[in-house]
Amino acid sequence: MSRRLNRIHIGTTTAISPPLRPRLSAAVAAGGCASWASRVTKLGAGGTIGGRVTLLLASDALTRLASGRTIVLVSGTNGKTTTTHLLAAALRQLGPVATNHEGANMPEGLVRALGRDRRAPYAVLEVDESYLPQVASAVHPAAIVVLNLTRDQLDRVGEVRQLEARLRSCFAGLPGTLLVANADDRLVSSAAGAAQRVLWVRAGESWSADGGLCTKCGRVVAAVEGPWSCRCEPDTRAAAWALDGDDVLTPDGRKLPLDLRIPGRASRADATMALATALEFGVPVAIALDAIRHVSAVNERYRVLRIGGLRLQLLLAKNPAGWLETLGLLSDREVSVVLAVNGREADGRDLSWLWDVPFERLNARHVVILGERQADLAVRLAYAGIPFAQARNIRHALSFLPPGAVDVVANYTSFRDITKELAHAG
Amino acid sequence: MPAESALRIGLVLPDLLGTYGDTGNALVLRRRLEWRGIPAEMIRIDGSDAVPASCDIYLLGGGEDASQDLAASILRSQRTFTYAIDHGAVVFAVCAGMQILGGDFAASDGQRHAGLDLLDIATIPRTRRAVGEIVVKPRSSWHLDLLTGFENHQGATSLGPAARPLGAVLKGIGNGAGQPSDGVVQGRCIGTYMHGPALARNPDLADLLLSWATGTRLDRLPIGSVENLRRDRIRAAHIPLPSGRAQHSLRSVPDRITTTGKAVPCAGG
């Protein structure tokens, strides 16, 4: 175990909580990120204003709270929360792990996760991809897991190639950090290629529409399956790990069944990334795999519940790539489908991406739609030729459906609305 | 056009100009023809394909800076595209797709690129990105409903004397240069900054393009879900709902789950 840890060169892997400065310590103990932030603001750097101050101070707090621990960051467009849960489960076999399991993945959420679990020697933190450079420079992570980079909330996050360029320069400046990167995602492999130490994992990807152009020479990259490659640069990404159907291929040539309790190809990709990372920290493969297999729900996602004669499975999908993966796991044509979309700030206010999702695949199912932006979805389905019913809320939606299995697919805030409503209803 | 030949809809470089869901415009046009019993064919033209000169309508969407530059250089090198447009093909171009059909355009890095000079427009970068709902009052001579879309761009597009704006901006930024207007009309080319996709939100505009391409006047095709969406989006932009036809044709979408009938929008087809 220690041999593997030493390979990481993280400097310190002590399990002893580092002494915090008294004021920070008091603030963390008082709990609550907002109160903490305001106290530090009082302490802090006087002249600067507003959100910028908070972020600067949060970065400083992040650095102090992260110091002396082994930090792993998990980022990418889709699968952050799932991978964080799986990796935290695996690393817990080594000792306590601080984690933002509830998915608050901006600096304030990371501060809270580290602050409430100060003695944990390990931390697995999911990080919003646009905050990754800032967070990485603050916490000096032992490893960064990068899952995929695809279009998401273009009105808020911006264009994905600009994000790739930012991450590339970030990774180039982190010589002590191991990148665990999905070699099958072209933008990830471009960005991670700038890092000095990369563990390549062929985790696959269903969505490829955002990696069409080489990030270096600007030419069209050959539209073939497999690792990114361009005429301007030979592919040197020898992958140590790979997802192969339902199995994972290990660096020593073994083929292990993943046998997850959570469904779908994307979950198996996340598990492969988590497993590869856990082994770098010295978790034996059998123990890591066992821990990963025991994860049955990620927050409320993948949760299965019974209501009357219905068996619901709750699925989250936030962008075209996520919806594509999710529609891919709705394999049984007998299953009814509830689709829910909102368009709040956290979802992105532009719903144009609905037209990038192949809803035509829902042919011959019972489909009910709901959510604040169901009007957008209704038009998309109308042009897809998919008959549907419209509902006010999840209870109303279920009233349309015959007994049997129901897949509920929702984007971010509508998923939250649905789980809240189902919880209230008992 | 002869009844037996399908109307050809060319989706131009969707791998480069397809970032903002604009490929949906092609599906909208195809369906609206099919529902009227007019055969239609959608032709996807990728970066490695030769652009056929035989399409009746060409569609271009929005894209990122690097893709936009590459798209412009690909289309500049393919004379068939400009030939088709010079010979009366209908063009609907959105955002980056519109910019490259003009003279120079500049990406957000400030670098200037040569466009195709098909439209008398030029684009320079805006300082602030224009992001949000946009509502446009189209040219009055067309008698179309208000246009609704979502814009997300950093271009300021000015129009030369040969080009006319698509309409006046009631909400949002649009071209962001000169009078508050959006888009461009020149010959049988229409450009706009509206995503959404624009033709899904604005069936009038879709049918205008189709009537140009077919050379016939098309009957209206009322679709309840489209009217609902238009009402939602125009209301979200804080624009008073127009009275008259839009409201008159407003219908709630029937619950179809228990019926085995046609898809929802077949009322007119």
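**Figure 1. Where chain B meets chain A.** In this predicted model, 37 residues of chain B make contact with 31 residues of chain A. On the chain B side, the elements that put in two or more residues are helix H1 (24-34), helix H2 (65-76), strand E8 (147-159) and helix H7. The largest share belongs to H7(B), with five residues. Sorted by class, this side of chain B comes out at 18 nonpolar, 13 polar and six charged residues.

**Figure 2. A closer look at helix H7 of chain B.** This helix covers residues 224-236, and it is the one that gives five residues to the side touching chain A. How far apart should its ends be? At 1.5 Å a residue, its 13 residues should span 18 Å, and the end C-alpha atoms do sit 18 Å apart, so expectation and model agree. Which residues of H7(B) are buried? They are B:Ser225, B:Val226, B:Glu227, B:Asn228, B:Leu229, B:Arg230, B:Arg233 and B:Ile234. Just past the helix, look for B:His238, which takes a positive phi of about 60°.

**Figure 3. The six-stranded sheet of chain B.** Chain B as a whole has eight helices and 12 strands, and six of its strands make an open sheet with mixed pairing, in the order E2-E1-E3-E4-E12-E11. Strands E2 (40-45) and E11 (184-186) stand at the edges with a single partner strand each, so one side of each has no neighbour in the sheet. On average, neighbouring strands here are turned by 15° against each other, ignoring direction. Zoom in on E4 (residues 90-94) and E12 (residues 189-192) of chain B: they run parallel and are joined by four bridges. Within that pair, B:Phe92 is found opposite B:Ile190. Helix H6 (residues 203-214) of chain B packs on this sheet, touching strands E1 (7-12), E3 (57-60), E4 and E12, and its direction makes about 155° with that of E4(B). Of the chain B contacts with a separation of 6 or more, 70% are between residues 24 or more positions apart.

**Figure 4. B:Trp142 in its loop.** This tryptophan lies in the loop between strand E7 (121-138) and strand E8 of chain B. Is B:Trp142 buried or partly exposed? With 13 other C-beta atoms within 10 Å, B:Trp142 counts as partly exposed, since being buried takes 20 or more. The C-alpha atoms of B:Trp142 and B:Val184 are 14 Å from each other, and 42 residues separate the two along the chain.

**Figure 5. The nine-stranded sheet of chain A.** Over in chain A, nine strands make an open sheet of mixed pairing, in the order E2-E3-E1-E4-E5-E6-E7-E8-E9. Strands E2 (97-99) and E9 (255-257) of chain A are at the edges; each has a single partner strand, so one side of each lacks a neighbour in the sheet. Strand E4 (residues 143-146) runs parallel to strand E5 (residues 178-182) in chain A, with four bridges between them. A:Val145 has A:Val180 as its bridge partner there. Helix H7 (residues 132-139) of chain A lies across strands E1 (70-75) and E4, running at about 175° to E1(A).

Figure 6. Strands E10 (residues 304-307) and E11 (residues 310-316) of chain A pair in the antiparallel sense over four bridges, with A:Val304 opposite A:Gln313. The two strands form a hairpin with two residues between them, and A:Gly308 in the turn has a positive phi of about 60°. What else does E11(A) pair with? Seven bridges join E11(A) to strand E15 (residues 404-410) of chain A, and these two run parallel. A:Gln313 turns up here again, with A:Asp407 as its bridge partner in E15(A).

Figure 7. Chain A has a mean pLDDT of 84, and 82% of its residues reach 70 or more. Over residues 1-18 of chain A, though, pLDDT stays under 50, and the model has 24 contacts beyond four places in sequence for them. Residues 30-55 of chain A also stay under 50, with 28 such contacts in the model. Where pLDDT is low, the predicted coordinates should not be read in detail.

Note on methods: Residues numbered from 1 in each chain as written. Chains lettered and ligands numbered in written order. Predicted model: local features only at pLDDT ≥ 70, side-chain atom pairs only at ≥ 80, totals over all residues. Contact = placed C-beta atoms within 7 Å. Pairing = 2+ DSSP bridges. Axes fitted to C-alpha atoms, helices over the stretch in contact; angles between N-to-C directions. Expected span 1.5 Å × (residues − 1). Buried ≥ 20, exposed ≤ 12 C-beta atoms within 10 Å, placed from the backbone. Nonpolar A, V, L, I, M, F, W, Y, C, P; charged D, E, K, R; others polar. pLDDT = per-residue confidence, 0-100.
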